[in-house]
Structures are given as C-alpha cells and as structure tokens.
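Please work through each task before reading its solution.

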Amino acid sequence: MQNRVLRKVAIRLMPFLCLLYFVNYLDRVNIGFAGPNGMNDELGMTATVFGFASGIFFLGYLVLEVPSNLALHRFGARKWLARIMITWGIVATVMAFVPNATALVVLRFLLGVAEAGFFPGIILYLTYWFPAVQRAKAVALFMAAVPVSSAIGATVSSALISSGHGVFGLSGWRFMFLVEGVPAMLLAVATWFFLTDRPEQAKWLKAEEREWLSGQLEAERAETEAAHAWPLRKALTHPRILALAFVYFGIAYGLYALGFFLPTIIKGFEQQYGTDLSTMEAGLVTAVPYVIGAIAMVIWAAHGDRTRERVWHVALPMLLGGVAIPVALYLGNPYLAMVAVTICAVGVCAALPTFWALPSNFLAGAAAAGGIALINSLGNISGFAAPYVTGALADVTGSQRSGLWVVGIVMIAAAFTVIALKSAPKQNPTSEPNPTPEP
C-alpha cells in the first residue's frame, strides 16, 4: 500500500511542483545573466549596485514570508500559490521596461514581496503528502528544480539575450525579462485547477488510498506534537529556530553567491585565463556545476532517508563546498577553477533537501507553517547579503576572490552550527508516542 500510494502522489505532484519552482527560481536569479550582458552598462550600474539590486529581492521576501505561509496553511495551497504566481509574473514582466537602476531596485523589492511564501509554502505542502521517512527525497526531487533551473536557465537566458536583441525594439536582456516573466502567469491558472490541497480531497486516489495516507500523516502529526509540543509562538521565538535559520543562511549564501555571480566569474575568465567564450558558450559552462549538483542532490537525499541520519547529511556537503569555493580563482587554469566551483555547487545542492527534514522532526501544524517560513525568511537574508557583499568586495579589491572566501567561511560556520544542534530537541518526557496505523 505505502509504495503504491506514495508513487501515485509523487507522479501526480512532483513534476508540476518542479515546473513551478523552475520558473520561480529562474525569475529570481535571471538578473545574474542580464547584468554582465548589457544591463549593467545600459543602466550605469557598478558591481555594488548590481549586488544591491540582486539582493534587495530578499528584503521584500522577508516582509511577508511568515504571514504568507500561515495564509497558505489556512486557505489551501491551490488558491494561495496561484495568487503568489500571478503577482510575481506581473512584476517579473514589467522589469523588461525599467528606465534606470532605481526603478530596477524598486521592482526587485516588489518581486520579493510578490514571491513571499512560495518556497516555504511548497515545503509545508509536501508535509501534507509525504511521511517523514520519504520527505527528504520528496524535497530533493522538488529542489532539483534549482540546479536544473540554473543549468537550463543559463542556456535559455543566454539564448534569449543573444537572439532577442532588437525584438520589439528591446535590448537582449530586456527581451529575456519579458519572455521569462510570462510563464508564471500562465502557470497560476494551471495551479488553480490542478493542485489538490489535502490527501482526503484527492479524487485521483482510491478511497482506501486516501484513507490510508490521511491516517498515516495524521498519526505522524499527532506523534510529533505529543513528543515535542511546540505551539506557534514557540516556533517563532525559540533559539533553536534562529540557529536553524543561520544554518539555512549558510547554505543559501553559497547558493545565491553562485547564482548571481557565477556568470560574472566565468566572464572574468577572459581576463584571468585568456579564454574567449560567446554568450551561449558561457551559458553552457555555467550549467555544468548545476547539472552535477542536481544528480548529487537526489542521490544524497535518498541516502539520508534510507539511513534516517540528517545532521551529517547536511554538515558534510557544506564543509566540502565551503573548503572548495575559496580556492577556485587561485587555480592555474579555468578547468580546475570550474572543478572547485562544481564541488561547491554539489555541496550546496546536497545539503539543501536534507536540511528541510530537520524542522519537520519537531514541528507540525501551524507551528510548522510559521517555523518553516521564519527559517526560510531569515535564512534568505543571505540572498541580500551574498550578492551585495560579493559585489562590494569585488569593487574594493578588483577581484572576486575575497567574496568567495566569505562564502566559504559562512558555509563552514553553518556546518558546525548544525552539528552542534543535533537532529531534534529533547522530547517531552511526559508524552507517549501514538501508534502508527497499519497499512
């Protein structure tokens, strides 16, 4: 029963959720391709201003993350995700027409406000459908959209910039923003009709399958609440949540430093190593670390589910990536530099899905909605810090090296934090775990 039902759920939900996140992440980071391919020159932006415009998205994101996730918990994923997507699609499309850097900064902030709640909402939504023993793998399949989006998106974005110059009288980077903003609005309509909020509403499951899955998840939720008894207020204020937010900050710092500046770093190979890459060739090179990262992500998360070990499945790849990335630009040729960058990408991608199994070990219901959103919200401050700090250091030093040293230090510090936290807090000593129903 278990394998059959979860296979049905995965086949029904995961491809669609991955498509949503693919489009989401592409709209979030495509500014990284626009910057070195005409946008910075046309709008008169320094590396610091570019980093600020890239990162201010996450300050907007921070504003509404927790209330947005609580709204999803109350109103259902189908309606709330569709609302998020239509608003972010509109803002992403309008970015094609920005007249100056100030307007770009304002729209990037509004894009963050519009997208707030999307990612933690999906993470919460997966807890409604997958038991804990399968959850890291489910999150990995969903989050594989990040490296896939970065890989395919690098090629697609580069192609749109190259081929779209002059279309509708727009620069290539403006044409890219215009084309890549539309899918979010179309998928908002599809989300409204396709998603199912809860297993008990899934007409595409047989009655006995709905009953089994609902019972399994309800028993697990009751057991988690009995063992740890975390109300919403505690989930929004406890030091453990803040420490987990720092761990996620470290993982995301590496992710966004690569996402926003890897195209710029590869373009810098021309000066550092004498390479001569076209826009399309640079896009293909950018894709390589993410393709390998996507494969590592799914394999590592499946191993974590199989062994039921979480802490070292987060810490080890972060340590590996944190050590690899600072040395990338000290190596003697672009091939070795890309090996180091790829190792960092693998470390980031492998740590991401297993990390999200940690808060669901002790949070359930509204506490899970609020706690997961708060962790994601605070952790994603790195989305502002990473591009801004990396850009500012590049302006001050004239090199990307110092920024990458900061990436490595932050990732290693976060790895030691998760080791110190362990997998979950101590259980409530007065509780008795509830039995899990037989399939």
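**Exercise 1.** In which hand of crossing does helix 1 pass helix 8?

*Solution.* The model is predicted, with local features needing pLDDT of at least 70, side-chain atom pairs pLDDT 80 or more, and totals for chains, interfaces and linings using all residues. Residues are numbered from 1 along each chain as its sequence is written, and side-chain values use heavy atoms, without hydrogens and water.

Step 1. Helix 1 (residues 2-29) packs against helix 8 (residues 118-127) at an angle of about 165°, and their axes are 11 Å apart.

Step 2. Helix 1 is therefore roughly antiparallel to helix 8 (an angle over 145 degrees).

Step 3. The crossing of helix 1 and helix 8 is left-handed (the near helix is turned anticlockwise from the far one by less than a right angle).

Step 4. Residues of helix 1, including Leu13, Leu17 and Asn24, meet residues of helix 8, including Phe118, Ile122 and Leu126 (contact means heavy atoms within 4.5 Å). The contact of helix 1 with helix 8 has 10 nonpolar, 1 polar and no charged residues.

**Exercise 2.** Determine how helix 19 passes helix 20 and which residues meet.

*Solution.* Step 1. The axes of helix 19 (residues 382-397) and helix 20 (residues 401-421) cross at roughly 145° and come within 7 Å.

Step 1. This crossing of helix 19 and helix 20 is right-handed (clockwise).

Step 2. Val389, Thr390, Leu393 and Thr397 of helix 19 meet Ser402, Gly403 and Val406 of helix 20. By class, the contact of helix 19 with helix 20 comprises 3 nonpolar, 4 polar and no charged residues (Gly counts as polar).

Notes
Axes fitted to C-alpha atoms, helices over the stretch in contact; angles between N-to-C directions. Helix = DSSP H or I, 4+ residues; strand = E, 2+ residues; numbered from the N terminus. Parallel < 35°, antiparallel > 145°, perpendicular 65-115°, else oblique.
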